[in-house]
Amino acid sequence: MPVFHDPGTGEFHLRNDFTSYILRVHEGGQAGQLYFGPALAAGRSYRHLSPGEFASFDNGAGDFSRLECPVRGSGDFRAPALVAEQADGSTVLDLVYVAHRVYAGKRPIAGLPSTYVESDDEADTLELDLADARSGLVATLGYTIFRDFPAIARRMELRNGGQSRLILRCAMSASLDLPDPRWELLSLSGAWARERHLAARALAPGSQGVSSERGASGHQHNPFIALKRPGVGEAGGEVYGFSLVYSGNFLAEAEVDSFGITRTRIGIDPAGFAWTLEPGESFRTPEAVLAYSASGLGALSETYHRLYRTRLARGVWRDKARPVLVNNWEGTYFDFTESRLLGIAGVARDLGVELFVLDDGWFGRRDDDTSSLGDWAVDERKLPGGLASLARRVEAMGLKFGLWIEPEMVSPRSELFAAHPDWAIGVPGRPRTETRNQYVLDLSRPEIVEHLYGVIAGLLRSAPVSYLKWDMNRNITEPYGAALPPGRQGEFFHRYTLGLYSLLDRITREFPGLLVESCASGGGRFDPGLLAYAPQAWVSDDTDAVERLKIQWGTSLCYPLSSMGAHVSAVPNHQVGRITPLSTRAAAAFFGVFGYELDAAALSPAERAEILDQVAFYKRHRELIATGRFLRLLSPFEGDGNEVAWSCVSEDGNEALVGFYRVLNRPFAGPRRLRLRGLSPAKVYRVSTWPEAGDPVDADNAGLRGGDELMGAGLLLSAERGYGSRRGDFWSRIFELRAGN
Ligand code: DGJ
């Protein structure tokens, strides 16, 4: 049993082959935290790791106590995991143990996405009930330990078992106290078009972290942080990961107290949050997934990749090869006709592309972004036969048909807004802020979610749509739920997110064959919550190959390549004006869910020939890319970031793909080596390069090389040998490795 309980010492030890999480019911009834880290022997007591009694107020000595669910006003003056305001206005709670349950498997969290198991032997769950006798509040702390992952899924359920109303003002998904402060905090931070860049800072006394109050996880920060020992890189060294399975407002922060204890908490951002619990009602937090790695960031990422790819993503597309797509957005923007689209689709089909995606502009009177969101009827000026005709003609060409939609939005210039101005989020009597000329619909209202369900289901039934790109291009301002009473406005953001999840859940259940790709002005809602419904997400609106190196590197810290939509676009690049070789654009996009974002009909014969080869190459390797171990080798965030490399290695170690990218060429450069990781040292690999271009690097590596040599000495990044001027800037190479002779 991976959850050991010793009634004598009050300890619970969640253990698998990789990690232990140990907690204890102290003598006073509080749930105390003892340990989370590498697996410790079962059958021993670890109660000495924390003081037995909760040290109450004594010049801050309460801070020595490490509690599973710290509360406010107790002598622990650090950030709490739970704040509940009671009928008398107080927030003091005395949470003491009343019961626990251990069961095989893992149960879903009603209304929220979460990781799952396919059979009960994959995980064990502990639920611990802590009650506050005076208010009647019962906090059930949930812990799942997975058999195959060094990870613990945590969540909390709050039930009002008293006679009076309670108001939750903070309900975190997890709080963890680590016994020292020697950590660097990593976050995935950035902006539109430069999402999820790696940001690192040494912890200092006080609080530090990331959050969102935008109504979405956001471009700016991601609901993921890691604590790593200073200097720890991809391989070797301790790292803890904290990831929230949620798409709305979040907080992830680390607080170093005056005794050097590091408290990390993650959950819904308490700022602006207030949830009323009437007697008998319950509230469930989103799930937090805490992972431990003794082997650096690489192993931490592998844990999240495997767990999220196989036990968070759902549906038939979880394990199926994703189609290579062409999307018309950067190719045409709003300016298209049916024949222009069919022209793009036809060329793309000839190049091996499998899915044609019609992006923004097919509905209402949408010739630019100033109108029509909400009016999801086809614009017959552009598509006279409607969606069905276009979709059937695309299918007749041998391609699948995909459609863009932005269901959560409404344009002020739209029939929907004219009919239902009150459906747009805003504070009555105050002006609404327009962003990209649009407002957000209030998905906290069930009737609006119902309307959107009808719209989307209707579209999916009206035409053979195999893929849906679900976009969301602005954040929520003037947050206010018109259907909520004044005293319950603190529920608005979370109710919005619950409304969104209920809609996604219904659509994906009702149309199980549909492949959904989420998107939010690029990667503005790239989070584990969405991943549960949409197994792939558009990483960024920035399609420049050089920019993508940083974006994809950062994204891969938590998210698997099978979730990362990555497309080749035209040059000069539409975001940064850079001109990179077509081969380098593909070499970057290969490490994701591959596609094209351009006007295929405008490609030259030489470009078509190259793309034919690229698509074939990707198809040969897409299973390896989707399911292999992703190993980051040379970071764009270290040194001058000029050279970047990463690789994908199959689980059995028989195949690997290595991507190497040099941003700027350097004159008279000497030879370099690129040491690989994750290969089988005893195996011999045949090395070849892509594309075949006659560069010295091809011949220098061609042939058989031992896994030991490739990891110990490395691939040869040859000196230019007079070839440097032909390489130029933005040079890249893919190395294919196959075990055998
Ligand atoms: C933002 C997305 O990220 C783009 O790919 C595109 O779909 C546009 N929206 C369309 O408005």
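Entry 1, salt bridges between two domains. I looked for salt bridges across the interface of domain 2 and domain 3, and the rule finds zero of them there. I note at once that this is a predicted model, and that the count is therefore tied to the rule, which asks for a side-chain nitrogen of Lys or Arg within 4 Å of a carboxyl oxygen of Asp or Glu. Polar contacts between domain 2 and domain 3 do turn up, and I wrote down five residue pairs, with both residues at pLDDT 80 or more.

On the side of domain 2 that touches domain 3, the elements giving two or more residues are α9 (545–555), α10 (582–589) and α11 (605–627). Of the elements on that side, α11 gives the most, with eight residues. Sorted by class, the side of domain 2 that touches domain 3 has 14 nonpolar, eight polar and four charged residues.

I went back to the domain assignment, which gives domain 1 as 3–311, domain 2 as 325–627 and domain 3 as 633–739. The contact between domain 2 and domain 3 takes 26 residues from domain 2 and 29 residues from domain 3, while the centres of these two domains, taken over C-alpha atoms, are separated by 34 Å. For the area buried between domain 2 and domain 3 I have about 2200 Å², and carbon and sulfur atoms give 79% of this. Which three residues supply more than any others of the area that domain 2 buries against domain 3? I found Trp553, Phe591 and Leu624, which supply 33% of that area.

As an example I looked up Arg147, which forms a salt bridge with Asp121, the closest N and O atoms being 3.6 Å apart. This pair links distant parts of the chain, 26 residues apart, with Arg147 in the loop between β8 (137–146) and β9 (151–160) and Asp121 in the loop between β6 (96–104) and β7 (123–131).

The structure holds 36 aromatic pairs, and the one I wrote out is that of Phe417 and Tyr439, which is tilted, with 5.4 Å centre to centre and 50° between the planes. Phe417 sits in helix α5 (residues 415–419) and Tyr439 in strand β25 (residues 439–440), so that the pair, 22 residues apart, links distant parts of the chain.

The peptide bond from Val571 to Pro572 is cis, with omega near -5°, and Pro572 has its place in the loop between β29 (564–569) and α10. A cis peptide bond also joins Trp690 and Pro691, where omega is about -10°, and Pro691 lies in the loop between β35 (684–690) and α12 (696–701). Last, I checked Ala193, a residue other than glycine with a positive phi, near 70°, and placed Ala193 in the loop between β11 (184–191) and β12 (194–202).

Note on methods:
Residues are numbered from 1 along each chain as its sequence is written. Side-chain values use heavy atoms; hydrogens and water are left out. Domain bounds come from an automatic or database domain assignment. Contact means heavy atoms within 4.5 Å. Buried area is the accessible area (1.4 Å probe) that two parts lose on being put together, summed over both. A polar contact is a pair of N or O atoms within 3.5 Å; within protein, one must be able to donate a hydrogen and the other to accept it, and residues adjacent in sequence count only if both atoms are side-chain atoms. Helices (H or I, at least four residues) and strands (E, at least two) are DSSP runs, numbered from the N terminus. Ala, Val, Leu, Ile, Met, Phe, Trp, Tyr, Cys and Pro count as nonpolar, Asp, Glu, Lys and Arg as charged, and the others, Gly among them, as polar. Rings of Phe, Tyr and Trp (its six-membered ring) pair if their centres lie within 6.5 Å; planes under 30 degrees apart count as stacked, over 60 as edge-to-face and the rest as tilted.
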